[in-house]
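I am opening my notebook on a new model. I want to look up which parts touch and what holds my attention there.

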Amino acid sequence: MSVFWLTLAVFLIALLGTFAGYRRAFSVVAGDVRKLHSLPKYYGSFVGFTVLIPSLLMLILWLVVPPLEQVSTQFRMFLVLGLAVLLMVLAISRITPDFRARNAVELVVLGLLIAAASLAILTTIGIVLSMLFETRNFFGLYSWKDFFFGLKWAPNFRGDSELSILPLLWGTIYISLIALLVSVPIGLFAAIYLSEYAGPKTRGVAKPLLEILAGIPTIVYGLFALLTVGPLLLRTFGSGGLLGVDWMTGATAVLTAGLVMGIMLIPFVSSLSDDIINAVPQAMRDGSLGLGATKSETIRQVVIPAALPGIIGAILLAASRAIGETMIVVLGAGALAKFSLDPLEAMTTITTRIVSQLTGDGDFASPETLVAFALGLTLFVLTLGLNVIALYIVRTYREQYE
Amino acid sequence: MSNTLNNSLLTLDARTKKRNAAETRFRVYGIAAIGAGLAMLILLLLTIFGNGLGAFQQTFVTLNVPLLEEKLDKNSTRNLEKIKKVSTFGYAPLLKQAMEDTLAENGIETDLKSKKQAALLSKSAAAQLRNYVLANPDMIGATVEFTFLANARVDGYLKDRVTRESIADDKNINAAQLDLVDALLAAEVIEQRFNLSFITGADASDQRPEAAGMGVSMLGSFFMMLVVLALALPIGVAASIYLEEFAPKNWITDIIEVNISNLAAVPSIVFGILGLAVFINSMHLPQSAPLVGGLVLTLMTLPTIIISTRASLKSVPPSIRDAALGVGASKMQSVFHHVLPLAAPGILTGTIIGLAQALGETAPLLLIGMIGFIASNAPDSVASGFLDPNSAMPAQIYEWAKRADPAFYERAWGGIIILLVFLITMNTIAVILRRRFERRW
């Protein structure tokens, strides 16, 4: 019996048990429901849960624990189905008028709720463990000093790859920096205008429109970088271009990816800053205006300084988004790992190298593939650190005015 | 000082003028920033639609093809096994013949060899012909009218992507062939039509951009979304109910809460690494399968769904809970019978937005092998829909963006239009749900 049919059979037995428990509850009190502790349906669900949960757990155990895989599926079928039927009989026999079925069922449901909430923790543990394990393997094959402090990224299949994170980190930071240079001024000024100057009508139109930019999938931005912005920059800065200079040789460049990522982050910065500026108490504005300051002076000298911690938090969140962004840099940034200050050159980032190292045909024992896990872990720690700091700043800031 | 005192209140002094000018400047910066953002949006949409709408139009060639008996069924047995032995290669002469006939019929003269003439057709034309003959062996000997896809270069010529200058070093087409296209266009043998197979069809190999479609990858996305919906909604709602209604305030709950808000900001590619390490390398689930993609996207969307579900649970006033408890409901009953139904519209809205986010996500799919795979066959059963390798819409777009032939770029933009239509529909439904059912307490 395949796993699918076995699962189905367990569910069927549980359903049968539910119905039998429901009937049994009626029959133990000869139809007088008032004598039962709980409603009849709780007796039914009690039987159902008693059958379902242990049987399914056993099935999952069977699939996960490797030594059990050798045991014949025939035996597995008998064991699981036998357990289900046994539990059904046991559960039905426990039904008496005094049995507190509702309490039992609610306890089980609470357990399920807790299990669901723990899944978030499990995901994090899964992320950390899966990467940690492979990273340890990687550092067994490759010196961690060279990884963190080497200066060259040059993977090859001859076995003398140089896999240092520093050039990738530089590319990542450089591109993120350009993205922030684009998105922070535009996003911040947009937020200031929307929250301080714009009437409800303008706000009602402009804010959702700007937020469309946030809902567009990153693959679209990637394509926009590769096929539109890149060629546009090339036609401006490339040889025979509009400016008559020859600074750019290919469409993929730091500036290409940075500009497009900046566009993507505009709504992110603006909606976060908007919330934060709105949280500044009106009394502070009124005080400043009452002393004769103009609106812009109030904003510059009162509102913004008051909102500054929150805005810095928002910028940090945007920076963490930029560092972890993948599709735009995969399509728009190029593949050259180097230290350079020229924004018109192709450069590569941590995320692009993760993709390229893991999508090749490499086997999972070579340092060239395993390095992706070390890169992933670094990226995870980096973004997590930024997020924790940013969320902390934003939270303390909020409390300040509550 | 005396200077300012002497001035009338009705005329502005230099300092006030300066301050007012600064005020105006500041305002203009704000408007400029919003204008820049909106201009980017417009530019992006114009680029998408300008480049992508072409994918929905395709060039077709209508030919009368003589299904010559001596080529297809030499012994006139109509034995299907024998007919199957003729490969697509054997059908090429028929296409050449059909092309020559058509030219003669329309009085078009050309110096091109018949092979070059037939090269105007898509490379899939022979296969299309063969499939037809295998399905209708009785038609051998007759002359049948076919509508073939034109070659991507011809299609590009009609869409102004290919010009006589741009094909100077192109091996696939030359200027004489374009002259022939012009003549055939005038004779209405070649025409542009709406291309349904772009929406419903399968991906095609590198050589045939004209035949590539989104249909199969849409199915892949559909099955992934089923997995996400079936897992993320119940788990997300259960987790939110626990955290919002039952969890005691202690450090464990705090950790879970901080954890969820941080998970929401973890780069999506990290979830891809998790999926690769756990689902594929440890659990040996099939690579490229929508099931695995769905599991990864579930983990990714869970925080989004939990955050929005908690917000809508929080918005149900405590009096509802107190009233239920007051008439003897248990805590669990008050939540499931009263709070949850009232929070349902908000939960649904959050779920739809989470699904939309998952639908457009690409990076984790790259790592679990949903690219580099040519989704040429639709899954033939529900189980294979979940378990057989497939692509997904954003992965398919990425795949096309990477190919060398610019004809695929048009496909990629067209694919984006389809993806955006889905996203806009989902978000509109979410907005309508919110407007229609939201209750302010």
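A definition goes in before I count anything: a salt bridge is a side-chain nitrogen of Lys or Arg within 4 Å of a carboxyl oxygen of Asp or Glu. I also note that this is a predicted model.

**Entry 1: the domains of chain B**

I looked up how chain B is divided. I found domain 1 (2-52), domain 2 (56-202) and domain 3 (215-437).

**Entry 2: where domain 2 meets domain 3**

How many residues of domain 2 of chain B are in contact with domain 3 of chain B? I noted 13 residues of domain 2, in contact with 15 residues of domain 3. The area buried between these two domains of chain B is about 970 Å². Carbon and sulfur atoms give 57% of that area.

Next I counted salt bridges between domain 2 and domain 3 of chain B, and wrote down three. I looked up a salt bridge by name: the side chains of B:E410 and B:K159 meet at 3.2 Å, N to O. On the domain 2 side that touches domain 3, the elements giving two or more residues are α8 (152-158) and α10 (196-200) of chain B. I sorted the residues of that side of domain 2 into five nonpolar, four polar and four charged.

**Entry 3: where chain A meets chain B**

I moved on to the two chains. Here 74 residues of chain A are in contact with 70 residues of chain B. The buried area between chain A and chain B is about 6200 Å². Carbon and sulfur atoms give 80% of it.

How many salt bridges did I count between chain A and chain B? I found one. The side chains of A:E297 and B:R19 meet in a salt bridge at 2.8 Å, N to O. I also listed ten residue pairs in polar contact across the interface of chain A and chain B, both residues at pLDDT 80 or more.

Which helix gives the largest share of the chain A side that touches chain B? I wrote down α4 (residues 101-141) of chain A, with 17 residues. The residues of that side of chain A divide into 51 nonpolar, 17 polar and six charged.

Note on methods: Residues numbered from 1 in each chain as written. Chains lettered and ligands numbered in written order. Heavy atoms only, no water. Domains from an automatic or database assignment. Contact = heavy atoms within 4.5 Å. Buried area = accessible area lost by both parts, 1.4 Å probe. Helix = DSSP H or I, 4+ residues; strand = E, 2+ residues; numbered from the N terminus. Nonpolar A, V, L, I, M, F, W, Y, C, P; charged D, E, K, R; others polar. Polar contact = N/O pair within 3.5 Å; in protein donor to acceptor, adjacent residues only side chain to side chain.
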